[in-house]
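Colleague: Could you take me through how charged side chains and nonpolar packing are read in a model like this one?

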Amino acid sequence: MAQAKINAKANEGRFCRSSSMADRSSRLLESLDQLELRVEALREAATAVEQEKEILLEMIHSIQNSQDMRQISDGEREELNITANRLMGRTLTVEVSVETIRNPQQQESLEHATRIIDEVVSKFLDDVGNARSHLMSLYSACSSEVPPGPVDQKFQSIVIGCALEDQKKIKRRLETLLRNIENSDKAIKLLEHSKGAGCKTLQQNAESRFN
């Protein structure tokens, strides 16, 4: 009887210790789960800051190269450029870096995709129209929606091999490049229109002098 009581107490002690360890482990796991959510929220917030920095720099650059800047006096343009450069400098002081964890295959895919885009960009001055079409096919390869034009199937397979975060960055870079081309085209057309209107005015003035 005495031995049975001793064994019962020993088993009870082991049960209490096991139960306590299980509870402690459960609490630790719950804490880590909560921390994981905060880590992901931190990465998302940092990524949003990265994107905001890119957007701000693009907007400042767009203002500096806008048609409105060409149609003001030299003094006003100089003053506005000083302000724009100051804002750009302050924006560049914000350093945010979100490193993407990649396996060797994902790293290779990213480098391959980057080389393809860089090659297209290097040919902008030679043939803007062809470069635009090529960029559109690359962008369509990154889109989950039905593309309006042709899709570069080879590029699509390369992008699929990239990490998910890298896929989003590649798509954003292509969007920015296409937007910059569109803005450049608009600026050129406005400039040509302005020149054409100016020539027409000069011609009308010259004709009025002879009449």
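Predicted model: local features only at pLDDT ≥ 70, side-chain atom pairs only at ≥ 80, totals over all residues.

Colleague: With which residue does Asp 166 form a salt bridge?

Modeller: The partner is Arg 102, and the closest N and O atoms of the two are 2.5 Å apart. This pair links distant parts of the chain, since Arg 102 lies in the loop between helix 3 (74-92) and helix 4 whereas Asp 166 belongs to helix 7, 64 residues apart. Arg 102 itself is partly exposed, at 29% relative accessible area.

Colleague: How many salt bridges does a search of the whole structure find?

Modeller: The search finds 6, among them the one between Glu 165 and Arg 43, at 2.9 Å from N to O, which joins helix 7 to helix 1 across 122 residues.

Colleague: Which side chain of opposite charge is nearest to Lys 53?

Modeller: That is Glu 95, 4.3 Å away; a salt bridge needs a nitrogen within 4 Å of a carboxyl oxygen, so Lys 53 is buried yet has none. Lys 53, in helix 1, also touches Thr 91, Leu 92 and Val 94.

Colleague: And what of the nonpolar side chains?

Modeller: In soluble globular proteins, such side chains tend to be buried together. Here the largest nonpolar core has 20 residues, with Ile 117, Leu 135 and Phe 155 among those making the most contacts inside it, and helices 4, 5, 6 and 7 each give two or more residues to this core.

Terms used. Residues numbered from 1 in each chain as written. Heavy atoms only, no water. Core = buried A, V, L, I, M, F, W, Y, C linked by side-chain atoms within 4.5 Å. Buried < 20%, exposed > 50% of the residue type's maximum accessible area, 1.4 Å probe, protein only. Helix = DSSP H or I, 4+ residues; strand = E, 2+ residues; numbered from the N terminus. Lys, Arg positive; Asp, Glu negative; His and termini not counted. Contact = heavy atoms within 4.5 Å. Lists of a residue's contacts leave out its neighbours within four places in sequence.
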